[in-house]
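Open the model in your viewer and keep the selection panel at hand. We will go stop by stop.

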Amino acid sequence: MIWTSGVARAARRIATAAALGGGGLTALGVVTYGLLMAEATLARRLVGQPHGLDGPPSDGVYGDFPGEPIRMTVLGDSTSVGLGMTRPEETPAVIIARGLAAVAERPVRLTVLGQSGAESAHLESQVDRALAERPEIAVVFVGANDVTTATLPARAVRHLQKAVGRLCDAGAEVVVGTCPDLGTVRPIAQPLRWVTRRWSRQLAAAQTVAVIEAGGRTVAFADLLGPEFDANPAEMFGPDRFHPSARGYLQAAYAVLPSVCAALELWPEPEPARVEGSQYLLAAMAVEEPGTEVTATRVAGRAAGPHGRWAALLRRGPGPLPNA
C-alpha cells in the first residue's frame, strides 16, 4: 500500500504539472532524469534491430459477418503496428479486430495509423488522420518511447490527453494501453532497470488519470507484461530483445479486447470485481494488476469527490492464451 500511495501521489503531481504546462519530473528527480537520458542511449545501442521498420500491412475488413463494419482505428507506437511480425494476423490490431468481430457478429474495418518509434507527441498527426476515418472505437498503445527518450512525464501526458479528448469529442470510444514495464527489458542493466520500472509505472498511472479526464478508459500493461516477459524472455520477446514476440503481442491484445468490447457495450461489466474510488488511487492500483481497466464513473450522482474525479477499477484480466 505504501508503494501504491507513492505512485498515486506521483500520478497527481504529473497530472497537475501537465495541466499547468510544467515538466513533472516527480520524485525521480533531476539526477535520475540525467541517468536515464545517458543510459537509455546505451540501452538502445545494445538492443538488436527488429525485422523491418514497421509491422506488416494490416488495414482491411475482418470478420465474415453481415452488416455495416465497425470502424476501428489503432494508433501509437511499435506495439500498435506489431513491429517485428511478418504476418498481419500476428499483430495486436488484427487480433483485436477479429475478436471484436466475433463478439459483435459484425465485420470490423481496421485502420492502423501507429508508427514505430512514436512518442505521445506524435499522436497529434495520427489523430488528424484518424478523424478522417470517423472511428467508432480507437485503441492507443503509447508510453514506452516516452520513457526511453526520457520525455518529461507531464509533457507526454499532456499530448496523450489532448489526443484522447479529440477522439472522444469526435464520437469515438477510446481505449488506451498504458506504458508497459520497461524494467523487464534484458539489455537494460541495473540501476537503469530499476529506474525505468519506476518511471514506467508512474507514467502509466498518470496516463490513466489523463485518459479518464479526457473521456477514455485505460488497460494496464505494466504488470501484465512484467512478470510474463521477465520469466519467459525467450518466448515473450522478439529477436531484438526489446519488442514482443508473436506470443507477447497476443498477450497484449487479449488484455485489451474485453475493454474494447465493453466500450462498445458488447461485454458485461464484472460487478463483483468492480472497485470505485479516487482516480489517483485507482490509477496506482491498476499498474500493479494485469489487464486492469480504469474508467470514469459517478458516485451518488457526482463525478468528483473530495480527492478528485471518481473512477471505477475493473479487474477483467486477460483471457487464457491458446496452447498456454
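**Stop 1: a run of parallel strands**

Select strand 4, residues 137-141, together with strand 5. The two run parallel, joined by five bridges. Now pick out Val 140: its bridge partner in strand 5 is Val 176. Keep in mind that you are looking at a predicted model.

Stay on strand 5, residues 173-177. How many of its five residues are buried? Four of the five are, and the strand is mostly covered.

**Stop 2: Ala 93**

Move to helix 4, residues 92-104, and select Ala 93 within that helix. Is Ala 93 buried or exposed? Its relative accessibility is 1%, so Ala 93 counts as buried.

Show what surrounds this residue. Leaving aside residues up to four places away in sequence, Ala 93 touches Met 72, Val 74, Ser 80, Leu 110 and Val 112. Then draw a distance from Ala 93 to Leu 75, C-alpha to C-alpha. The two are 18 residues apart in sequence and 9.4 Å apart in space.

**Stop 3: the second largest pocket**

Keep Val 112 selected. Val 112 is among the residues closest to the centre of the second largest pocket, which holds about 160 Å³ of space. What classes do they fall into? Five are nonpolar, six are polar and two are charged.

**Stop 4**

Rolling a probe the size of a water molecule over the atoms shows where empty space is left. Searching the whole structure turns up two cavities of 30 Å³ or more. Select its lining: Glu 124, Val 127, His 159, Lys 162, Ala 163 and Arg 166. Helix 5 (123-132) and helix 7 (153-169) are the elements that give two or more residues to that lining. Which helix gives the largest share? Helix 7 does, with four residues. By class, the lining has three charged residues, two nonpolar and one polar.

**Stop 5: two cysteines**

Select Cys 168. Its relative accessibility is 19%, under the 20% cut-off, so Cys 168 counts as buried. Jump to Cys 261. This residue is buried as well, with a relative accessible area of 0%. A disulfide is a covalent bond between the sulfur atoms of two cysteines. How many disulfides are counted here? The count is zero, taking a disulfide as a pair of cysteine sulfur atoms within 2.5 Å.

**Stop 6: two loop residues with positive phi**

Return to helix 4 and follow the chain into the loop between helix 4 and strand 3 (108-112), where you will find Glu 105. Its phi is near 55°, a positive value in a residue other than glycine. Glu 105 counts as exposed because its relative accessibility is 55%.

Finish at Arg 134, in the loop between helix 5 and strand 4. Phi is positive here too, near 50°, and again the residue is not glycine. Is Arg 134 buried or exposed? At 55% relative accessibility, Arg 134 counts as exposed.

Definitions and conventions:
Residues numbered from 1 in each chain as written. Predicted model: local features only at pLDDT ≥ 70, side-chain atom pairs only at ≥ 80, totals over all residues. Heavy atoms only, no water. Buried < 20%, exposed > 50% of the residue type's maximum accessible area, 1.4 Å probe, protein only. Pairing = 2+ DSSP bridges. Contact = heavy atoms within 4.5 Å. 1 Å grid on protein atoms, 1.4 Å probe; cavity = no way out; pocket = protein on both sides within 12 Å on 5 of 7 lines; lining within 4 Å. Points joined across faces, edges and corners; volume = space filled by probe spheres on them. Nonpolar A, V, L, I, M, F, W, Y, C, P; charged D, E, K, R; others polar.
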